Amino acid sequence: MIIEPKVRGFICLTAHPKGCEQNVVNQIQYIQSKGPIDGPKKVLVIGASTGFGLASRITSAFGSQAATLGVYFEKPPQPGKPASAGWYNTAAFEVQAQEAGLYAKSVNGDAFSNEIKEKVIGLIQADLGQVDLVIYSVASPRRTNPNTGVTHNSVLKPIGQSFTNKTVNFHNGVVSEISIEPATEEDIENTVAVMGGEDWKLWIEALKAADVLAPGARTVAYSYIGPALTEPVYRKGTIGRAKDDLEATASSITDTLKDLDGKAYVSVNKALVTQASSAIPVIPLYISLLYKVMKEQGIHEGCIEQMQRLFQQRLYTNGSVPTDEKGRIRIDDWEMREDVQAQVASLWAEATTESLPQLGDLEGYKTDFFNLFGFEVGGVAYETSVDEMVEIPGLA
């Protein structure tokens, strides 16, 4: 079938297998171009099919020749109906990994559930014995607690008072004002339950109890802080509370791993176009301005560049891991440079529907958004019919 993008709001309902494949190949080639990383050898990536999770898996495999096991929750294809982008990404990655002689298998299902944890542990025991790195990169709007059966839904809201500021519809470029009502206590609790550290800790406890964590094992979860501009709706809003919980959990997990000489880290990453960030008011406008500034200064990075730098310059330097005063790895350091933020703040004040095409990089934002789903990728013949029924070779 010929597959075209079908967009509804902040989501693309279709994905292109060849475009996703080319995206993955491009990321692999980038990692190979940067040389080997003396990194992990057996890696579990929870949330492995898109964004930072996929880039972590690619970096582990093609930077450090690691065996990788990926966990994700993706929609398989049906005749006449394309799969989700993460399905095609994983298929492409596993084909490339296996061709390179690397172990690559995966489990598709709800990472929050006990059943998936048990299945993954069984696979590690059978195939790998133990893992030395666990990446936790799960992004979901809802979570059912496996122990209580309660389903929690996260919200994107400020805390304490309503928030009003600019935002942009990245499809048509219209800059408008948006107001968001403050969260209730229940909203905050639910968002922390979904996006905080509880499930990360449950994973590590289950893996440790099953003796599938190697001595010295590390685990990393991903977070974001951002500038004062986005603070009310992000870092000081409901998501921020969840990220605070995630970061506090790292310390608790490190205590759990002490007898293994293991350690948990939170890596604070750069603002990038993802399915999640596209849905957060204010963020698309901020990112479009940030992209413009960072590209002009030659310091723009996507997911794969961020993860390559994280692994090579932070996690695996044969020395201590550099962190900030709260113990966090800061790979958002270039974004948060004073000169970069000052320039973004200045552009923000001037941004209107009319001025944004000159002030920002809305085209870059839109291209990155469609790239997430395998569209607008260079070298792909979109006018040609493709087979939507792609299999994942290592699907357990």
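Predicted model: local features only at pLDDT ≥ 70, side-chain atom pairs only at ≥ 80, totals over all residues.

Q: How many strands form the open sheet, and in what order?
A: Seven strands form it, in the order 5-4-3-6-11-12-13, and the pairing is parallel.

Q: Which are the edge strands?
A: Strand 5 (104-108) and strand 13 are the edges, since each pairs on one side only.

Q: What about strand 3, how many of its residues are buried?
A: Four of the five residues of strand 3 (residues 42-46) are buried, so the strand is mostly covered.

Q: How many bridges join strand 3 to strand 4?
A: Five bridges join strand 3 to strand 4 (residues 67-72), and the two run parallel. Val 45, for one, has Gly 70 in strand 4 as its bridge partner.

Q: Moving to helices. At what angle do helix 2 and helix 3 cross?
A: The axes of helix 2 (residues 51-64) and helix 3 (residues 85-99) cross at roughly 0 degrees and come within 11 Å. That makes helix 2 roughly parallel to helix 3.

Q: Which residues meet there?
A: From helix 2, Leu 54, Arg 57, Ile 58, Ala 61 and Phe 62 take part. They meet Asn 89, Thr 90, Phe 93, Glu 94, Gln 96 and Ala 97 in helix 3. By type, the contact residues divide into six nonpolar, three polar and two charged.

Q: What about helix 10, is it mostly covered or mostly open?
A: Helix 10 (residues 303-315) is mostly covered, with 10 of its 13 residues buried. Among the buried ones are Cys 303, Met 307, Phe 311 and Leu 315, and Arg 309 and Arg 314 are also buried.

Q: What covers the buried residues of helix 10?
A: The cover includes helix 1 (17-33), helix 2, strand 6, strand 11 (213-223), strand 12 (263-268) and strand 13 (329-330).

Q: New topic: where is Tyr 291 found, and is it buried or exposed?
A: Tyr 291 is found in helix 9 (residues 283-296). Tyr 291 counts as buried because its relative accessibility is 0%.

Q: What is Tyr 291 in contact with, leaving aside its neighbours within four places in sequence?
A: Its contacts are Lys 270, Ala 271, Leu 272, Val 273, His 300, Asp 361, Gly 364, Tyr 365 and Asp 368.

Q: Last one, backbone angles. What is phi of Gln 65, and what is phi of Val 282?
A: Most residues other than glycine have a negative phi. Phi of Gln 65 is near 60 degrees, and phi of Val 282 is near 85 degrees.

Q: Where are Gln 65 and Val 282 placed?
A: Gln 65 is in the loop between helix 2 and strand 4 and is partly exposed, with a relative accessible area of 49%. Val 282 lies in the loop between helix 8 (275-278) and helix 9, and at 0% relative accessibility Val 282 counts as buried.

Conventions: Residues numbered from 1 in each chain as written. Heavy atoms only, no water. Axes fitted to C-alpha atoms, helices over the stretch in contact; angles between N-to-C directions. Parallel < 35°, antiparallel > 145°, perpendicular 65-115°, else oblique. Contact = heavy atoms within 4.5 Å. Nonpolar A, V, L, I, M, F, W, Y, C, P; charged D, E, K, R; others polar. Buried < 20%, exposed > 50% of the residue type's maximum accessible area, 1.4 Å probe, protein only. Pairing = 2+ DSSP bridges.
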